[in-house]
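Subject: Structure handover

Hello,

Here is the structure I said I would pass on.

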Amino acid sequence: MGARLERLRAAWRTVEEFHTAWFDTRWRHVMRREARTQQDTLRALMLLETLGVEGPVAYETLDLIPYMVADLHEWHQRMGREEFGDPGVCC
C-alpha cells in the first residue's frame with residue numbers, strides 16, 4: 001500500500017511540474033504585464049484621489065447604483081450584519 005501511494009504522489013508531482021512548465025511558464029509574462037497594468041491604474045486613481053481630482057469613472061458608475069442597491073441586502077447579510085445603513089436605505 002505504501003509503495004502504491006508513493007508512486008501516486010510521484011505521478012502527481014510529475015503532473016504538477018508539467019503544468020508549471022506548460023502553462024505557468026508560457027503565460028507568466030502576460031500575467032505579470034496584466035498585474036503591472038492593474039497596479040499602475042490603481043496608483044493613478046489613488047494619486048488623483050489624493051490630489052482631490054474626482055475619479056474619471058464616477059459619472060459612468062451612476063448607472064450601476066440601482067443594481068448595487070439591489071444586491072446590498074444579500075451582501076450585508078453575508079457579512080454577518082442583520083441590518084445595514086439608515087432606515088429606508090436597505091432594510
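A helix here is a DSSP run of H or I with at least four residues, and helices are numbered from the N terminus. Ala-44 has its place in helix α1. Please keep in mind that the model is predicted.

Overall make-up: the chain has two helices and zero strands. Its radius of gyration is 24 Å, whereas a compact globule of 91 residues would have one near 12 Å. Along the principal axes, the C-alpha atoms fill a box of roughly 65 × 35 × 20 Å. Of the 91 residues, 2% count as buried. The accessible surface is about 8,700 Å², and carbon and sulfur atoms account for 61% of that surface.

Ala-44: is this residue buried or partly exposed? Its relative accessibility is 39%, so Ala-44 counts as partly exposed, because that class lies between the 20% limit for buried and the 50% limit for exposed. The C-alpha atom of Ala-44 is separated by 9.8 Å from that of Gly-55, which is 11 residues away along the chain.

Charges: the chain has 12 positive and 15 negative charges, and the mean positions of the two groups are 18 Å apart. Arg-28, Arg-32, Arg-33 and Arg-36 form a positive surface patch. One of these, Arg-28, lies in helix α1, which covers residues 2-50. Why can Arg-28 be part of a patch? A patch residue needs over 30% relative accessible area and no salt bridge. Arg-28 has a relative accessible area of 32% and is therefore partly exposed.

Regards

Note on methods. Residues numbered from 1 in each chain as written. Predicted model: local features only at pLDDT ≥ 70, side-chain atom pairs only at ≥ 80, totals over all residues. Heavy atoms only, no water. Patch = residues over 30% accessible without salt bridge, like charges linked within 9 Å, V, L, I, M, F, W, Y side chains within 5 Å. Areas by Shrake-Rupley, 256 points an atom, 1.4 Å probe, with all protein chains shown as cover. Salt bridge = Lys/Arg side-chain N within 4 Å of Asp/Glu carboxyl O. Lys, Arg positive; Asp, Glu negative; His and termini not counted. Charge placed at Lys NZ, Arg CZ, Asp CG, Glu CD. Buried < 20%, exposed > 50% of the residue type's maximum accessible area, 1.4 Å probe, protein only. Rg over C-alpha atoms; globule rule 2.2 N^0.38 Å.
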